[in-house]
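Biologist: I am new to reading structures. Could you take me through one, feature by feature?

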Amino acid sequence: MKFKTKWTIMVVVLLSLSLLLSGCGGPKQSDDGKNAEAERDYFKVGVITSLSGASVYGGNVTRRGYDLWAETVNAQGGIEIGDKQYKVEMVYADAASDPATGADAVERMVTTDEVDFLFGPYTSGVTLGVAPILEKYKVPMITGSAESPLIWKQKFKYTFGSIPAVDLTGSAPVSTLVNEVEGGAKTIAVIGVNDAFSKATAEAFKANAEQLGLEVVKYDIVPEGTDFTPLVGAIKELNPDVLAVGGHEQTHMEVIKAAKSLGFMPKAFLMHYGITTPDFINNLGTASEYVFGGAVWTSDLEYSDELWGSTKEYVEAAEARWGNMPDYTEAASAATGEVYAAALAEIGAVPPLSEEEREQLVDALENIKVDTFYGPIDFANEGDWYHNNVGLQPLTIQLQNGEQKIVGPSDVKVADPIYPVPGWEER
Amino acid sequence: MDLFFQTLVNGLLIGGIYIAVAAGFTLCFGVLHVIDFAVGEWVMLGAFAVFWLNFFTGVDPLIFLPLIMVLFMIVGYYFQPLLQRVITNQQSNALLMALAFTFGMSILFRGSALTLFGFNQRSLTTFLSGKNFEILGISIPALRFGATVFAVLVTLLFMFLLYKTKLGLAVRAAAERQDVAGLMGIDSSNIARIVYAIYLGLTAMSGTFLGSIFSVHPDMGLRYTLFAFFVVVAGGLGSIQGAILAGIMLGLINSFVAVYVGGQYIFLILFTVLYLILLVAPKGILGKGW
Amino acid sequence: MEYVDNSQKRNLIWIALLVIVATVIPFAISSFWLRIVTGVLMWIGLAQSWNILAGYMGYVSFGHGAFFGLGAYVTAIAMSLGVHFIISALIAGVFTAAFAAIIGYPTLRLQGAYFAIATWAFAEAIRQIVLVLPFTGGAYGMRLPPMLNENFFYYMMLLTIIGTVAIAYYLMHKAKFGLKVKAIREEEIAANVLGLDVTRIKISVFALSAFFPGILGGIYAYWITYIHPDSVLAPVIADQMVVMTMLGGLGTIAGPIIGAVVLFMGNRLLWVFWGDTSFYLVLVGLAVALVILFLPSGLVSLVPRLGKKDKPKVDDQPNSSVTEHTK
């Protein structure tokens with residue numbers, strides 16, 4: 001069999017050749033295009049988020065935030081650095097809610113589009129897939145959304161996040177329900193969906209509840225796509241004061257629908273993320289009323305802001321642009337751009353950014369504290385929340401008359417928490 | 001004890017919701033020998049059709065059920081020849097060709113819905129939404145109950161058609177032996193079109209209920225494809241009685257595992273059961289499948 | 001089936017050329033395109049593995065993604081215990097093959113749609129198990145130490161893919177084994193009567209078709225550095241293996257290669273140009289449906305020489321579509 005021998009030789013040759021080549025060939029830097037673009041007088045900004053796939057909803061929420069920032073900045077002439085203004089140009093890529101696709105997208109943005117810096121993904125999974133590539137090319141990214149505590153424990157140098165992780169934000173609402181309402185909650189049931197963010201939320205609720213001496217009567221993590229009626233039926237039987245849910249907007253809608261259809265009304269629902277999205281309120285109508293949540297931002301807050309003027313003005317601008325009240329993810333995404341602008345102004349770097357300037361940008365981001373309509377943004381430089389925003393105070397919110405009202409902690413509340421909440425029939 | 005019965009009722013009602021999807025799906029397999037990967041997307045399109053009808057007219061979504069049935073039957077009747085072409089123009093493995101084709105269709109439908117309707121979650125509110133009634137201390141969700149009753153009625157009607165009428169005889173003949181049925185003067189290509197039309201009609205109507213029980217969005221279909229597969233396979237491909245039984249079993253496993261074992265094991269147990277059923281009784285729990 | 005020496009020589013020259021081109025690719029294209037090409041290679045390997053089972057033996061698995069995912073997890077776990085990557089990936093391959101052999105014993109008794117759905121159910125069960133096991137990270141996934149050398153992963157994929165294709169070609173087209181496998185595809189009962197150890201052959205083929213996805217899963221895990229049940233055990237992985245093979249041409253060596261290149265590249269190109277909308281999904285879906293509709297033997301049928309299906313004359317079975325499913 002001559003054929004076999006030829007194959008063997010070929011494979012052996014190839015094997016040795018490729019081992020040799022992969023040894024000597026380091027990552028290929030495509031710096032060739034840099035010179036041709038040297039006179040680019042605008043910032044190229046990459047946006048990598050989920051524009052399709054499982055997290056398409058949240059992905060678009062982040063995009064709205066990023067877009068509004070870019071449009072506003074450009075309308076005002078651009079980012080001011082020194083005495084000149086530089087516009088921004090957004091480059092988009094769809095991570096399709098998949099880490100590998102996200103990684104490909106970032107590789108392209110960095111090497112082909114040569115973006116100066118990036119706005120990050122909606123999901124924590126994509127963020128984890130993308131971050132190592134940014135380490136390789138030394139390009140900073142701030143995500144306006146990913147909330148899984150896992151990301152910050154990895155200590156990526158070039159990845160930042162403007163929303164605090166859920167293990168921080170989950171604490172406020174539980175504490176409000178226990179300590180700041182009349183006849184505070186005594187028992188709680190916690191359910192969560194088995195994805196990274198939702199599970200972390202459920203764990204945070206449970207840990208905080210136990211710490212505050214609540215009795216956790218049920219704790220269950222369910223796979224995505226579960227029908228919630230049996231679980232809610234079982235929880236109805238246990239009759240806890242609070243039903244806490246870790247999940248996204250769809251989960252929350254389905255839990256509320258299941259509870260309503262079984263005639264179950266605990267003294268309070270606690271749901272964290274998703275209840276602040278317009279879809280939750282639009283779709284559930286009065287059933288969405290009085291639901292408690294954790295957040296770091298609502299449109300009621302009064303912060304002053306350099307770009308928009310104030311929180312109120314930002315909210316008006318966002319509503320005019322997208323037709324919906326912005327939620328805290330959208331707002332965080334919009335505020336993210338301001339952090340970049342401030343850091344760039346501080347180091348006085350003009351586009352296109354060189355590798356050295358990007359390093360300076362990261363240093364500036366680490367040390368900067370920016371006051372925005374979203375509140376102060378201040379990235380931690382050590383600990384479990386490395387590079388996550390720790391400048392904000394976790395808030396308890398409750399939906400009252402279709403608006404997110406801050407009901408705790410007591411020193412910042414704008415409305416009193418309503419507890420126990422009225423039953424389904426009394427609305 | 002209350003909890004037990006509540007769990008039982010919840011389980012029955014979960015299964016009940018899927019009966020109509022499963023009945024159509026299984027008949028589709030029985031006659032066309034096609035596993036439609038896009039079944040969930042047809043559910044989604046049905047839900048969206050109702051959503052827009054409701055959006056523009058403000059009339060209760062459930063009123064549109066007959067209209068949706070007719071609308072999608074027409075779609076099915078004219079779509080089927082395309083599928084038929086896929087099945088017949090390849091000499092081998094029609095099943096596989098159809099699977100790949102419908103897989104392509106499912107991406108197409110999902111992508112189109114996403115592009116046209118956007119990513120938003122939408123809700124269908126019917127006059128039954130959020131209501132419930134109590135019997136002997138057990139809460140029964142009105143909408144789910146309505147969906148189940150409707151599904152059972154439609155399926156019974158359907159079985160009546162199949163077993164008591166001439167058309168049904170022809171369908172069954174075509175399902176049994178297409179070639180012989182052809183010799184007996186049965187226009188099997190037309191029968192196939194009618195069956196596919198009925199299947200789409202049923203699936204789209206279920207979309208109305210599923211959309212109002214859960215929510216309406218472009219990615220909603222995946223979940224139902226999964227459940228439809230389960231029900232149809234566990235019941236025995238092509239067996240309507242089996243599908244009904246398997247639907248109920250799906251609901252009961254779902255419900256009892258969630259309450260008594262732990263929510264995180266629901267799908268693990270569900271799929272293990274399905275796998276074991278296939279190994280032990282590949283023709284389904286009633287042994288009546290193909 | 002054995003072709004004349006002349007065409008074999010020509011084939012060899014072509015292959016040698018391809019190999020040379022493949023070897024220098026990393027130095028000719030940007031790192032983004034290198035990543036895309038690496039992805040293409042991975043899918044070639046996955047589609048080809050699936051083709052070994054489905055194309056040559058006629059057993060359609062809808063759960064082959066499970067082996068990819070298991071490979072990724074085995075590699076991640078082994079590496080977290082300090083095992084070297086190459087060894088971890090090999091362990092992953094052996095593990096998935098052994099696992100396939102065990103699971104194949106009962107599953108391979110099923111046929112047609114039943115086998116397809118049983119494998120799908122089993123793959124979903126695996127995904128759910130990974131979600132609840134304590135040492136897989138569950139919903140949080142697993143992170144591997146990053147090794148940021150695109151060239152390394154390119155060559156790892158390339159080697160594995162050459163291995164896959166070469167073994168598939170040798171076993172199915174050159175060795176006697178291939179004849180036995182095809183006998184099972186054409187007439188399993190007859191093959192059994194003729195004295196073939198059908199069960200053993202089926203299990204070997206199943207294990208072989210799981211071996212490469214296991215290794216590829218391992219390389220993928222190390223390459224992407226983060227794995228999650230929804231990324232490496234998603235049903236869409238198996239679906240893509242099926243669609244790519246069907247698109248290219250079932251039961252041929254060139255089919256899965258062409259299918260993987262066209263679908264993956266097509267998908268990525270559309271995504272590059274229409275990446276900020278979901279419109280590319282429409283185009284991908286449409287493309288798949290149209291090819292199946294108008295080119296039922298796959299894209300290879302456009303190139304007659306490659307598309308030569310190694311099947312006995314199909315014309316011998318008139319009306320097979322009708323008779324086949326009436327058993």
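Modeller: Start with burial. A residue is buried if 20 or more other C-beta atoms lie within 10 Å of its own. Keep in mind that this is a predicted model.

Biologist: What percentage of the 327 residues in chain C is buried?

Modeller: Buried residues make up 56% of chain C. In chain B, with 290 residues, the figure is 62%.

Biologist: How do I judge the overall size of chain B?

Modeller: Compare its radius of gyration with a rule for globules. A compact globule of 290 residues would have a radius near 19 Å; chain B has 19 Å, so the two agree. Along the principal axes, the C-alpha atoms of chain B fill a box of roughly 60 × 50 × 35 Å.

Biologist: What share of the contacts joins residues at least 24 apart in sequence?

Modeller: Take contacts between residues at least 6 apart. In chain B, 78% of them join residues at least 24 apart. For chain C, the share is 76%.

Biologist: How do I check a helix?

Modeller: Helix H11 of chain A, residues 249-261, has 13 residues and should span 18 Å; its end C-alpha atoms are 18 Å apart, which agrees. Then look at its cover. In H11(A), 13 of 13 residues are buried. Just after H11(A), A:Gly263 takes a positive phi of about 65°.

Biologist: Where does pLDDT stay under 50 in chain A?

Modeller: Where pLDDT is low, the predicted coordinates should not be read in detail. In chain A, it stays under 50 over residues 23-36. The model has 14 contacts beyond four places in sequence for that stretch. Over chain A, the mean pLDDT is 84, and 91% of residues reach 70 or more.

Biologist: Which domains does chain A have?

Modeller: The assignment gives domain 1 (38-164 + 301-378) and domain 2 (168-295 + 394-426). Their C-alpha centres lie 30 Å apart. The contact takes 14 residues from domain 1 and 12 residues from domain 2.

Biologist: Which helix gives the most to the domain 1 side?

Modeller: H3(A) does, with three residues. By class, that side of domain 1 has seven nonpolar, five polar and two charged residues.

Conventions:
Residues numbered from 1 in each chain as written. Chains lettered and ligands numbered in written order. Predicted model: local features only at pLDDT ≥ 70, side-chain atom pairs only at ≥ 80, totals over all residues. Helix = DSSP H or I, 4+ residues; strand = E, 2+ residues; numbered from the N terminus. Expected span 1.5 Å × (residues − 1). Buried ≥ 20, exposed ≤ 12 C-beta atoms within 10 Å, placed from the backbone. Contact = placed C-beta atoms within 7 Å. pLDDT = per-residue confidence, 0-100. Rg over C-alpha atoms; globule rule 2.2 N^0.38 Å. Domains from an automatic or database assignment. Nonpolar A, V, L, I, M, F, W, Y, C, P; charged D, E, K, R; others polar.
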